[in-house]
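Visitor: I am new to this structure. Please take me through it one feature at a time.

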Amino acid sequence: MQSSGRDIVRTTLSVLLIGAMIGASFWVLRPFLAALVWAAMTTIATWPMMLFVERKLWHRRGLATAVMSGLFLLLFVLPVFLAILKIVGNADDIVIWIKSMGNFATPEAPDWLKTIPYVGPRLAARWQEIAATTPEEIRSRLLPYVGTLLKWFVGQMGNLGSLLLNFLMTLIIVSVLYLRGETAAAGVHSLARRIAGLRGEESIGLAAQAIRAVAAGVVVTALVQSALTWLGLFVVGMPYAAFLTAVAFVLCVAQLGPGPVLLTGVIWLYWTGEPLWAGAFLLWGVFVGVLDNILRPMLIRKSGNLSLLIILPGVIGGLIAYGFIGIFIGPVVLAVAYTLLEAWVKEGASELSDDAERMVELEP
């Protein structure tokens, strides 16, 4: 009994010491956790592309890493940082532009709007209500929301120097992971196997599959839709097209679509007396708005067998719970949890079936 008591104390102290070491390690790495998570997600999502580039560059891992890191810098870090600088720098100008809307007058609803089946008369009536509203009333309603949104966005950006440092740290970690990707993957698989056996290894593979599905189906679709939105805004000469494109990208990632931004462009064109351009832009907006219904399922199917019923709630819930990084974390958590639950249910059903067969065999 005395030996057993000493074993319990030793085990308890060992667990406490291991927990303290893990907590201390996370505390030390806390400033780099965001960069580490982003780098891991980026590397997992682009690893097939990395292997393709390596094959084209005579199987030289160093050259492939340099090319992929350069692409990551040019296509992600630099545009995002420049867009943030532009939005923050133009925050006051956007408020001034909203205040100047008193110079516009809302035109009457076009005749073709009433001819749209089912919703046309209702839309025309709503348009007439807006047309009857004075520009000063519209401006007074918009300004509080615009001001609050801009203040929130600027507050989220925080210190631009810190943001740039996080981007650079992400780039460095991405380069290291590209160089030693197989070693890192083997270590993660070994840890998962040590903790949960074969089921742990399956969960790691499923998590990687979910990350690639989100990157291909959600992020790529959002990039395509926001790029087409910018193209339309640029052609019609919409003010602050870059800012509105950034808003459209966030809405697309959140699975709301670019509709509000495109509708803003249509209203602005009618407001400025360009009904022909407004009609053409409306058709363009319908095309861009429904594009995700075709492109997103196709890209997700190419990335694996994950269901949209897992991916889409995971993206929206993750975005609400964890911010932008949650668009990857949410689907991973749901996919792994769903697969483990499904396997557990199937194992229980199999055990019940075996028990039923044994009972039948034992019957006289």
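Guide: A word on classes comes before anything else: Ala, Val, Leu, Ile, Met, Phe, Trp, Tyr, Cys and Pro count as nonpolar, Asp, Glu, Lys and Arg as charged, and the others, Gly among them, as polar. This is a predicted model, in which local features need pLDDT of at least 70 and side-chain atom pairs count only at pLDDT 80 or more, while totals for chains, interfaces and linings use all residues. Residues are numbered from 1 along each chain as its sequence is written, and side-chain values use heavy atoms, with hydrogens and water left out.

Visitor: How many cavities of 30 Å³ or more does the structure hold?

Guide: Rolling a probe the size of a water molecule over the atoms shows where empty space is left. A cavity is a set of points, on a 1 Å grid over the protein atoms alone, where a 1.4 Å probe fits but cannot get out; lining residues have an atom within 4 Å of a point. Grid points are joined across faces, edges and corners, and a volume is the space filled by probe spheres set on the points. The structure holds 1 cavity of 30 Å³ or more, and the largest cavity has a volume of about 40 Å³.

Visitor: Which residues line the largest cavity?

Guide: The lining consists of G217, V218, T221, Q225, L251, C252, Q255, L256, G257, D292 and R296. The elements giving two or more residues to this lining are α9 (181-236), α10 (241-253) and α13 (292-303); helices here are DSSP runs (H or I, at least four residues), numbered from the N terminus. With 4 residues, α9 gives the most. By class, the lining divides into 4 nonpolar, 5 polar and 2 charged residues.

Visitor: Which residues of α10 are buried?

Guide: Buried means under 20% relative accessible area and exposed over 50%, with partly exposed in between (1.4 Å probe, protein chains only). In α10, the buried residues are A241, F243, L244, T245, A248, F249, L251, C252 and V253. The helix α10 has 13 residues and reaches 18 Å from its first C-alpha to its last, close to the 18 Å expected at 1.5 Å a residue; the expected span is 1.5 Å times one less than the number of residues.

Visitor: Which members of the largest nonpolar core touch the most others?

Guide: A nonpolar core is a set of buried Ala, Val, Leu, Ile, Met, Phe, Trp, Tyr and Cys residues joined through side-chain atoms within 4.5 Å. Among the 24 residues of the largest core, V214, I311, V315, I327, F328 and V332 touch the most other members. Two or more residues come from each of α9, α10, α14 (308-322) and α15 (326-362), and α9 gives the most, with 10. Leaving aside neighbours within four places in sequence, I327 is in contact (heavy atoms within 4.5 Å) with V214, V219, V253, V315, G318 and L319.

Visitor: Where does W58, with its positive phi, lie?

Guide: Most residues other than glycine have a negative phi. W58 has a positive phi of about 60° and lies in the loop between α2 (33-56) and α3 (61-89). H59, found in that loop, has a positive phi near 60°. W58 is exposed at 66% relative accessible area, and H59 counts as exposed at 57%.

Terms used
1 Å grid on protein atoms, 1.4 Å probe; cavity = no way out; pocket = protein on both sides within 12 Å on 5 of 7 lines; lining within 4 Å.
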